[in-house]
Structure formats: structure tokens, C-alpha cells
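Work through the exercises below with the sequence and the structure at hand. Try each task before reading its solution.

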Amino acid sequence: FFFEGLHFFSTLIMLTRNTTRNLMLAGRQRRSIIQVPDSKPKTAAGFLQDKDRIFQNIYGEHGSGIEVAQKLGDYYRTKDLLGKGPDWIVDQIKKSGLRGRGGAGFPSGLKWSFMPKRPPADGRPSYVVINADESEPGTCKDREIMRFEPHKLVEGTLIAGFAMRARAAYIYCRGEFYNEFKSVEAAIQEAYAAGMLGDNACGSGYKFDIVICRGAGAYICGEETGLIESLEGKSGKPRLKPPFPANIGLYGCPTIVTNVETVAVSPTILRRGPEWFASFGRKNNSGTKLFCISGHVNTPCTVEESMSIPLRELLEKHCGGVRGGWDNLLAVIPGGSSVPVLPKSICDDVLMDFDALMDEGSALGTAAVIVMDKSTDLVKALARISMFYKNESCNQCTPCREGAGVMANIMDRIWKGNGFGPEVDMIKDIADNVELRSICALGAAAAWPIQGLHKHFRQEMLQRIEDFTDISYNLNKDEMFGHPAAFDWRRTPKTFSGTLDSFQDSTYRPPAPNNNTMLDQYPHIPLYEKQAMDALEGQGQEQLPAN
């Protein structure tokens with residue numbers, strides 16, 4: 001009976017994982033079944049007026065001290081907000097429709113409600129951890145809040161901690177953010193001196209402390225359990241879940257990890273009302289958002305705008321448009337380097353919110369918009385992104401450790417022209433297998449850029465190989481993987497610059513005496529017998545033995 005029961009539970013777990021994966025894969029092609037369909041038409045949300053901007057000092061024009069913050073509305077009647085109780089605060093955040101601004105887009109009010117309302121029987125305290133480890137390439141919104149509006153972060157952390165009945169909060173700041181760290185540290189000291197924190201926070205009788213810590217520059221510490229491990233002084237490697245941090249988190253205590261922007265907007269929501277916040281954007285995509293726009297635009301910037309604003313209007317209104325005009329646009333990464341790239345044809349009318357981008361096979365992520373015009377070597381750009389995720393993997397789980405490395409190596413070969421035809425589809429299969437099989441979301445982050453490139457720019461990948469290759473392979477997947485020598489591929493590179501670097505190293509290998517660049521560039525890949533014979537024909541070299 002024991003073994004039969006074990007087999008039953010193993011089968012149940014496998015079925016559950018496969019069902020979850022199928023639902024998530026389907027979500028990239030159509031709206032997820034757990035989301036309420038949006039009744040509002042996909043039309044422009046309208047530009048945000050200055051009076052509705054939450055971050056009035058995002059460019060640091062007025063200083064970052066507590067006096068300036070109070071003049072801009074921070075700490076206004078915070079005691080009254082706390083006096084309404086934790087349940088009221090959580091309910092208001094739920095009504096506002098605020099979704100996490102760190103990338104996942106999970107409903108913030110629901111997440112805050114996961115914290116136990118009663119302390120554990122053994123007396124363990126509860127903690128709030130603020131994820132200020134902004135390491136996603138292209139993202140620069142949280143650093144602006146920490147640098148120029150730190151008191152919004154401090155007050156928001158106080159309110160979030162009170163709503164979740166936490167004893168203290170830890171702000172985990174990215175190690176490279178020295179100036180931002182000093183700014184938040186000074187704001188915390190000012191808040192203590194003004195009585196906003198401490199044993200009687202804001203005169204409410206609530207005891208609450210905030211501690212700011214610096215990381216060591218690891219991308220993986222942006223994942224909540226990896227961040228918790230780092231805070232505890234361990235290597236920043238994500239934990240297996242369950243148990244979830246809301247039950248066993250920092251130092252084994254109930255913990256909720258949330259984002260800088262998420263908590264920074266919460267005091268304004270409570271003061272102005274959830275209906276005001278929900279009036280911006282479409283249903284399930286409400287509120288305002290900090291967009292960080294970089295790349296080939298005339299004036300890169302970080303700007304607060306309404307959710308659901310069309311991408312084209314966002315770029316033309318705040319960034320002066322694409323360099324060389326809209327018709328010069330090649331592609332856009334709409335939410336940081338980890339989300340799939342979108343071609344111009346989709347960017348023409350796509351809206352910048354969670355659901356609209358999901359419907360197009362991408363994601364809003366951190367709203368870090370990376371614009372690339374037609375001068376961009378897109379294959380090389382995505383190869384660089386793949387190498388980033390290979391280097392930032394914590395190497396804890398096999399799918400991410402091996403899969404990210406293999407994808408990075410294949411992309412490196414393809415952009416250099418050293419790849420071969422079947423690899424273009426092979427890398428897509430590898431990405432699909434890595435996507436949902438890692439402990440944390442870094443596996444998906446490494447896979448999504450590859451999937452987006454393959455979906456929209458597959459022909460460019462093949463053309464890159466064709467430009468530097470004499471032999472073109474057109475084998476289908478079954479033939480490629482069914483052949484006993486499937487990986488014994490070799491091709492005759494065309495002559496360019498007299499040599500061709502190996503993807504393993506940059507060792508110069510001189511061409512053959514007759515200047516034919518049929519080089520033994522890849523000794524680790526055996527020559528396929530027929531190709532070896534064809535390549536050696538007429539060169540007076542001995543035939544290599546068949547494998």
C-alpha cells in the first residue's frame with residue numbers, strides 16, 4: 001500500500017505540473033483563464049496630468065529631505081491612516097487594483113493579505129522585506145525613487161508593515177546603488193528624528209523599525225527567496241516552495257517581499273482613494289506607472305504615465321519619438337530584458353499594460369522599454385542578453401544551469417555566423433524545456449527572449465547563418481534528432497577576415513595553405529563522414545576516419 005500510494009502521489013504531482021505548464025504556455029497566446037476579460041475597449045488611456053502624478057519630485061528638482069517631502073504631501077495625516085486599522089488598508093489596496101510593480105504583476109492587496117493575522121504561537125515576529133535590488137537590465141525606476149523620493153518609500157514601508165502587522169522592515173538595496181543607499185539611509189534617520197518611525201511611529205502607538213541593507217550585486221537576489229537567503233548571510237540561492245515566505249521567510253518568520261514602487265504609491269492611494277487610482281488604465285490594469293525608456297529614442301527618460309497608454313504615444317510624447325522616425329523602428333523589448341521582444345508591426349498599436357502585452361506574447365514586467373531601430377543587430381543584442389542570464393544563474397538547478405549555458409553558446413555561434421540551420425529551431429526547443437522547470441523564474445527569464453526572437457525574427461537568425469555558410473541545412477526536427485549522428489555537424493565557412501574564431505576561445509587558427517578556410521575550428525565536434533570527405537576533396541589531405 002505504501003508504494004501504491006507513493007505512485008499515486010507522484011502521478012498526481014506530474015499531472016499538476018503538466019497542467020500548470022500548459023496553462024502558462026497558453027497564457028502567452030491568449031488571456032489566462034484566471035483573469036477577468038476586460039470590458040473596456042483597447043483605446044488610449046489619455047496622458048496623465050501633472051496634478052495626478054504621484055511622484056512629483058522624480059527628477060530631484062526640489063531635494064530629497066523630509067521638509068521637501070512634507071511640502072509635497074508625504075506624512076500627511078499618516079497617523080489617521082494607521083488609525084483605520086490593518087484590514088481597512090488592505091481592503092483599500094485591493095479596491096484600487098494595484099498590481100505588483102516589480103515585474104510579476106500579482107495583485108498587491110491579495111499578497112498583503114497572505115500575512116498571518118495572528119502571530120505564530122511560538123511568538124515569532126513578522127517582517128516586511130522591500131526588494132530594492134533593481135538588477136533587471138534596462139530598468140531604472142526604483143533607483144529614481146530611492147535617490148529623489150526616499151520618504152515616499154519610507155512612509156509606504158511603514159504603512160505596508162502596519163497593514164501586515166509586521167514588527168520591522170528590511171530594505172534590500174542593490175550593492176551598486178551607493179548614492180541611492182545613502183539617500184534612503186538619510187531618509188530613515190530623518191524619519192526616526194521626526195517621530196515617524198520607532199517605538200511610537202507617527203504617534204500611533206505602533207512600534208516599527210526599518211533597516212536598510214546592501215546586497216553584493218547578484219541578479220538572482222531579485223528573486224524573493226534568494227533575497228531572503230542573502231539577507232540571512234547565505235549565498236543568494238532561491239529556496240524550494242512550499243513553504244512560502246508568508247509562512248516561513250526571513251529568519252524562519254512570516255515574511256512578505258514587495259517592490260519599492262509598489263509600497264511607495266500606497267500612501268497616495270489611501271489619501272486620494274482607491275477609486276481615483278482605479279480610474280487610470282483599463283480594468284485589471286489600473287493606476288499610474290513609472291516607465292523607463294532607453295535605447296534608440298531622442299530623449300531617453302523615466303516618466304510616470306497612466307497604465308494602458310499606447311506604446312507609440314508614450315515614446316512620441318515623452319521621448320521625442322524613435323530616432324530617425326517611427327518607420328525606422330525595428331523592435332521593442334517592453335518590460336526589461338527578460339520579456340519577449342516585439343516587432344514594429346505589433347508596436348504600432350499595442351497598449352502598455354499587463355493584459356495587452358500578454359495577449360501579444362510578451363509582458364509588461366518592470367515597464368523598462370528598450371527601443372531598437374533598424375541599425376540594431378538584433379541577433380547580437382539577444383545573444384548578449386542570453387550571455388547575461390547564463391552568467392547570472394545561481395547554478396543550483398539543472399535546467400537553468402545547463403539550459404541557460406547551452407542557449408547562450410548557441411546564440412553566440414549564430415550571431416557570429418558560426419551556427420548551423422537546425423540550431424535555430426533547436427534553441428527554441430531548449431527554451432521551451434527550460435522555461436517552467438527551474439526552481440525560480442530565472443529559467444523563464446533566460447528562455448523568453450529566445451522565444452520572442454524565434455517567433456518574430458526566425459528568418460533573420462537563418463539569414464545570419466546563411467550569410468557566413470556555404471552549406472544550408474533544411475532538415476526537419478525529426479530528421480535532425482532521429483539521425484544517429486545528429487550532433488556531428490560541420491560546415492565549410494566562407495572566407496571573411498582570413499579566419500573564424502571558435503566560440504570556445506579566441507585562439508587564432510591560420511587558414512589552410514590554399515587559403516581555404518575549411519578550418520578545424522571545432523575539434524570537440526566530430527566531422528560527419530560525408531561532409532569531411534567533401535571538404536577534404538582536392539586539398540591533398542588524408543581522409544579523416546569516420547566516427
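**Exercise 1.** What does the accessible surface of the protein come to, and what percentage of it belongs to carbon and sulfur atoms?

Solution. Keep in mind that this is a predicted model. The accessible surface of the protein comes to about 24500 Å², and 54% of that area belongs to carbon and sulfur atoms. Turning from the surface to the interior, 53% of the 547 residues count as buried. The chain that is folded in this way contains 21 helices and 13 strands.

**Exercise 2.** Describe the largest nonpolar core, and say which residues have the most contacts inside it.

Solution. Begin with the general expectation that, in soluble globular proteins, nonpolar side chains tend to be buried together. Here the largest nonpolar core has 57 residues, and Trp112 and Ile171 are those with the most contacts inside it. Helix α7, which spans residues 150–163, supplies the largest share of this core, namely seven residues. Next, look at the surroundings of Trp112: leaving aside residues up to four places away in sequence, Trp112 touches Ile89, Val90, Ile93, Ala160, Ala163, Met164, Thr258, Val263 and Ser266. Finally, there is a second, separate core of 51 residues, with Met411, Cys440, Ala446 and Met461 among them.

**Exercise 3.** Does Asp432 count as buried or exposed, and with which side chain does the side chain of Asp432 make a polar contact?

Solution. First locate Asp432, which is found in helix α18, residues 421–435. Asp432 counts as buried because its relative accessibility is 16%, and buried means under 20%. The side chain of Asp432 then makes a polar contact with the side chain of Gln451, at 2.8 Å.

Terms used: Residues numbered from 1 in each chain as written. Predicted model: local features only at pLDDT ≥ 70, side-chain atom pairs only at ≥ 80, totals over all residues. Heavy atoms only, no water. Helix = DSSP H or I, 4+ residues; strand = E, 2+ residues; numbered from the N terminus. Buried < 20%, exposed > 50% of the residue type's maximum accessible area, 1.4 Å probe, protein only. Areas by Shrake-Rupley, 256 points an atom, 1.4 Å probe, with all protein chains shown as cover. Core = buried A, V, L, I, M, F, W, Y, C linked by side-chain atoms within 4.5 Å. Contact = heavy atoms within 4.5 Å. Polar contact = N/O pair within 3.5 Å; in protein donor to acceptor, adjacent residues only side chain to side chain.
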